Amino acid sequence: QAITMADGAGSSSAPDGATASEVDLDKLLPAILQTFALVLLGAAANMYSLVPPRAGETLGAYTAKFALPALIFRQIATLKLGECSFRLLVGMLIAKLAVAVLVAVVTCCLSVAPGVGQRERGWSMAAIFAMVTTMQNDFALGLPILNALYKTENTDSSALQYSDYLYLFAPISVMIINPICFAVLEFANSIARRKHSPNVAHERI
């Protein structure tokens with residue numbers, strides 16, 4: 001089943017060349033099944049020790065330090081930023097920041113309850129939870145689903161596709177949200193060390 005989505009106001013909410021994009025729902029289920037089948041195969045291989053631990057560490061290091069950074073660099077370097085919908089990027093930034101702030105506020109409110117823990121520990125947990133909730137698996141789940149839903153066969157091969165935006169969404173967490181959370185984490189740890197250091201010095205005396 002194919003659904004055509006037409007943007008009558010222009011291409012402000014869609015990539016250039018995709019004002020009338022065709023959503024193919026028939027390809028969605030196979031894409032989801034293939035993705036989760038690979039995840040289950042990886043979990044089964046780890047559970048039954050089909051892959052030696054050293055080989056798993058090597059594959060993980062290669063993927064995280066070489067393959068994925070090279071892929072992201074290549075896509076961003078060849079991406080035409082002038083054709084991007086900056087409304088979509090700003091909207092994603094606001095959405096991720098809203099989720100991070102909401103999670104941090106709720107965590108801080110729960111951490112100040114009696115018997116839960118110190119305030120600095122609450123700040124640390126809020127920073128960690130905010131990072132975790134904004135780190136989604138864009139490339140493993142987003143790319144197959146977007147490529148299945150939206151046709152990438154275009155007359156203009158250089159036209160920006162919906163899946164290309166994933167390479168711009170990923171740096172939002174890495175370059176904006178994560179540094180803020182790390183700063184809060186270090187600030188909370190420094191306050192905790194400053195509070196405990198006089199007690200340690202007094203015990204030594």
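In what order do the elements of the protein chain run from the N terminus on? The order is β-β-α-α-α-α-α-α, giving 6 helices and 2 strands; helices (H or I, at least four residues) and strands (E, at least two) are DSSP runs numbered from the N terminus. This is a predicted model, in which local features need pLDDT of at least 70 and side-chain atom pairs count only at pLDDT 80 or more, while totals for chains, interfaces and linings use all residues. Residues are numbered from 1 along each chain as its sequence is written, and side-chain values use heavy atoms, with hydrogens and water left out.

**Chain overview**

- Of the 205 residues of the protein chain, 28% count as buried, where buried means under 20% relative accessible area, exposed over 50%, and partly exposed in between (1.4 Å probe, protein chains only).
- Taking contacts between residues at least 6 apart in sequence, 71% join residues at least 24 apart; contact means heavy atoms within 4.5 Å.

- H2 (53-77) has 25 residues and spans 35 Å from its first C-alpha to its last, close to the expected 36 Å at 1.5 Å a residue. The expected span of a helix is 1.5 Å times one less than its number of residues.
- A bend of about 40° occurs in H2 at Thr63, the bend being the angle between axes fitted to the seven residues ending there and the seven starting there.
- Ser49 sits in the loop between helix H1 (28-47) and H2, and its relative accessibility of 57% makes Ser49 exposed.
- Ser49 is not a glycine, yet has a positive phi of about 55°. Most residues other than glycine have a negative phi.

**Helix H3**

- H3 (residues 86-111) has 26 residues and reaches 37 Å from first C-alpha to last, close to the 38 Å expected.
- Buried residues in H3 are Leu89, Lys96, Ala100, Val103, Thr107 and Ser111.
- Val90, also in H3, is partly exposed at a relative accessible area of 44%. Its C-alpha is 9.8 Å from that of Ile172, a residue 82 places away along the chain.

**Helix H6**

- Ile177 belongs to H6 and is buried, with a relative accessible area of 2%.
- Ile177 and Ala100 are 77 residues apart in sequence, with 7.9 Å between their C-alpha atoms.
- Beyond its neighbours within four places in sequence, Ile177 contacts Lys96, Leu97, Ala100, Thr134 and Ile172.
- Asn178 is also found in H6 and is buried at 10% relative accessible area. With neighbours within four places in sequence set aside, Asn178 contacts Met131, Met135 and Ser173.

**Largest pocket**

- The largest pocket has a volume of about 280 Å³. On a 1 Å grid over the protein atoms alone, a pocket is an open set of points where a 1.4 Å probe fits, with protein on both sides within 12 Å along at least five of seven lines. Grid points are joined across faces, edges and corners, and the volume is the space filled by probe spheres set on the points.
- The lining has 15 residues, with Gln136, Asp138, Phe139, Ala170 and Val174 nearest the centre; lining residues have an atom within 4 Å of a point.
- H2 (53-77), H5 (138-149) and H6 (166-204) each supply at least two lining residues.
- By class, the lining has 8 nonpolar, 5 polar and 2 charged residues. Ala, Val, Leu, Ile, Met, Phe, Trp, Tyr, Cys and Pro count as nonpolar, Asp, Glu, Lys and Arg as charged, and the others, Gly among them, as polar.
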